[in-house]
Amino acid sequence: MGIDCLSNPPILNASTGVGYVTNIAGVNSYVTGSPLAILAIVLISDVYGFKPPLLRKIADKVANHGYFVVVPDFFHGEPYNNQNASRPFDPWLKDHDPAKGIETAKPIIEALKRKGASAVGVAGFCWGSRTVTKLGKAKLVQASVLLHPSYITVDDIRGVEVPIAILGAEHDSLSPPKLLKQFKQVLDAKPEIDSYVKIFANVSHGWTVRYDPNDPKAVKAAGKAHKIMINWFDKHLKK
């Protein structure tokens, strides 16, 4: 998968965030925002799962724009832990295949719609991006965002049938600028599907969710990506 995916591992602290953890469709999920909101956002994490404080901070930020936000535990209590020598990355990944994430996501989205969500947007960070493209192919969501995606091919992007924004990094072995430009070419050939592709200069894979909160430049770069993501959801969900 590339060392970029595992760089700058976060602190896993489940007590952070203004929201709370509840069970949705059998999956523990961090939720934040008004339960009365009729627009829902699902954030799909990288390999480090739904506990990192920065991810929950992003969820809270999105919720402040009028969304009910859900961050599911796609790894069912077993996010990747680089401190666990008995559980190397490759065997862990085999058990948590990103191609199978949609099996967890579909019942969650269905549950949100049963509870009154009139539209659902989804964003995926690294590992989570594969699930986002599959949801977009199946038209199970109304808007999608990929942030420093991994495991994504040109064919994956070609099949997406809902508005999609792709935010990539200048320095990223998993989705290098050359590949991101290919994504843009494919999307430009489908003008009926609104799309946006941006390559952020001077940042590396993971910059939107595993940045140093004490580094003003890193915070600013991540904040720009978060703003684009929120604006994309506003554009396509708040109709």
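Analyst: This is a predicted model, and we can begin with a term: a residue is called buried when its relative accessible area is under 20%, exposed when that area is over 50%, and partly exposed in between. Glu-78, with a relative accessible area of 28%, is therefore partly exposed.

User: Which residue does the side chain of Glu-78 meet in a salt bridge?

Analyst: The general idea is that side chains of opposite charge can pair when their charged atoms come close. Here the partner of Glu-78 is Arg-87, with 2.5 Å from N to O.

User: How many salt bridges does a search of the whole structure find?

Analyst: The search finds ten. Another example is the pair formed by the side chains of Asp-194 and Lys-235, at 2.8 Å from N to O. Asp-194 lies in the loop between helix 6 (177–188) and strand 8 (195–204), whereas Lys-235 belongs to helix 7 (residues 216–237), so this pair ties together parts that are 41 residues apart in sequence. Asp-194 is partly exposed, with a relative accessible area of 27%, and Lys-235 also counts as partly exposed, at 48% relative accessibility.

User: Turning to helices, which residues of helix 4 are buried?

Analyst: An α-helix has 3.6 residues a turn, so residues three or four places apart point the same way. In helix 4 (residues 129–137), the buried residues are Ser-129, Thr-131, Val-132, Thr-133, Leu-135 and Gly-136. What covers these buried residues includes strand 3 (39–44), helix 3 (101–114), strand 5 (119–125), strand 6 (143–147) and helix 5 (154–158). Just after helix 4, Lys-139 takes a positive phi of about 55°.

User: Which residues have the most contacts inside the largest nonpolar core?

Analyst: A nonpolar core is a set of buried nonpolar residues joined through side-chain atoms within 4.5 Å. The largest one here has 43 residues, and those with the most contacts inside it are Leu-112, Ile-157, Ile-166 and Phe-183. Helix 3 supplies the largest share of this core, six residues. If neighbours within four places in sequence are left aside, the contacts of Ile-157 include Thr-133, Leu-146, Ile-166 and Phe-183. A second, separate core of 34 residues includes Ile-41, Ala-123, Ala-143 and Phe-200.

Notes:
Residues numbered from 1 in each chain as written. Predicted model: local features only at pLDDT ≥ 70, side-chain atom pairs only at ≥ 80, totals over all residues. Heavy atoms only, no water. Buried < 20%, exposed > 50% of the residue type's maximum accessible area, 1.4 Å probe, protein only. Helix = DSSP H or I, 4+ residues; strand = E, 2+ residues; numbered from the N terminus. Contact = heavy atoms within 4.5 Å. Salt bridge = Lys/Arg side-chain N within 4 Å of Asp/Glu carboxyl O.
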